[in-house]
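Please consult the sequence and the structure shown below while reading.

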Amino acid sequence: MKEKLLRLKTVRKLIKTNRIESQEELLGLLQKEGFEVTQATLSRDLKLLKVGKVSDGRSGYVYILPDEDERRENEQLYIQDILRGYVSIDYSGNIVVIKTFGGHADAVSNALDALNFDEILGTVAGENCIFVCLREGVTGENFLSILKAKIPEIEI
């Protein structure tokens, strides 16, 4: 988990300080920084960081990061999706069960995924219920306190 966070931080730094036109180029820079990652992992990292490509005004396209205001605005939209859609949250061990209003499970699950909680291994959404599998060593109680810190308005 720490390596992933360090890798994401490095990807952000590399994009901010270099003119990068392709994943292959970024992959090479990451390897020079000591990271051995696959193209698939890098692709997931870029999606997670919401990296985009824009015209460089010349002949190509370069990677850019969303600005901080845009990131905060998106985060608030995800939080609103969670607050609008959930009914209750409970846990057993490292499994969290979130009950939602009918048809809201997808939106709440997508919002949890988009908020990139390191504690979440994965989510599975049904019609009105979400199962959240937490990483080894993270308890439901731990996660609920982290969730409450991130979303103070949530009632647990």
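**Overview of the chain**

Of the 156 residues in the protein chain, 36% are buried; buried means under 20% relative accessible area, exposed means over 50%, and partly exposed lies in between, with a 1.4 Å probe and protein chains only. This is a predicted model, in which local features need pLDDT of at least 70, side-chain atom pairs count only at pLDDT 80 or more, and totals for chains, interfaces and linings use all residues. Residues are numbered from 1 along each chain as its sequence is written, and side-chain values use heavy atoms, with hydrogens and water left out.

**Architecture**

- The protein chain holds 6 helices and 6 strands; these are DSSP runs numbered from the N terminus, helices being H or I with at least four residues and strands being E with at least two.
- Read from the N terminus, the order of elements is α-α-α-β-β-α-β-β-α-β-β-α.
- A box of roughly 50 × 30 × 25 Å, taken along the principal axes, is filled by the C-alpha atoms of the protein chain.
- The protein chain exposes about 9400 Å², and carbon and sulfur atoms supply 50% of this area; accessible areas come from the Shrake-Rupley method with a 1.4 Å probe, and for residues only the protein chains shown count as cover.
- Among contacts in the protein chain with a separation of 6 or more, 51% involve residues 24 or more positions apart, where contact means heavy atoms within 4.5 Å.

**Helix H2**

- In helix H2 (residues 23–32), the buried residues are Gln23, Leu26, Leu27 and Leu30.
- Seen down the axis of H2, these buried residues fall within an arc of 105°, so they line one face of the helix; the arc is that of the directions from the helix axis to the C-beta atoms.
- Glu24 and Lys32 are exposed on the other side of H2.
- Gly34 follows H2 and has a positive phi, near 100°.

- Strand S4 (residues 95–100) and strand S6 (residues 129–134) run antiparallel and are joined by 5 bridges; two strands pair if DSSP finds at least two bridges between them.
- Ile95 belongs to S4, and its bridge partner in S6 is Cys133.
- Strand S5 (residues 120–125) also pairs with S6 in the antiparallel sense, over 5 bridges.
- A hairpin of 3 residues joins S5 to S6, and Thr123 stands opposite Val132 in S6.

**Buried residues and their contacts**

- Ile130 is located in strand S6 and is buried, because its relative accessible area is 0%.
- Ile130 and Ala149 are 19 residues apart in sequence, and their C-alpha atoms are 20 Å apart in space.
- Ser109 lies in helix H5 (residues 105–114) and counts as buried because its relative accessibility is 5%.
- Leaving aside neighbours within four places in sequence, Ser109 is in contact with Thr123, Ala125 and Ile130.

**A nonpolar surface patch**

- Ile95, Val124 and Phe131 make a nonpolar surface patch of about 270 Å².
- Ile95 is partly exposed, because its relative accessible area is 31%.
- Patches are made of residues with over 30% relative accessible area and no salt bridge; like charges are joined within 9 Å, and nonpolar side chains (Val, Leu, Ile, Met, Phe, Trp, Tyr) within 5 Å.
- A salt bridge is a side-chain nitrogen of Lys or Arg within 4 Å of a carboxyl oxygen of Asp or Glu.
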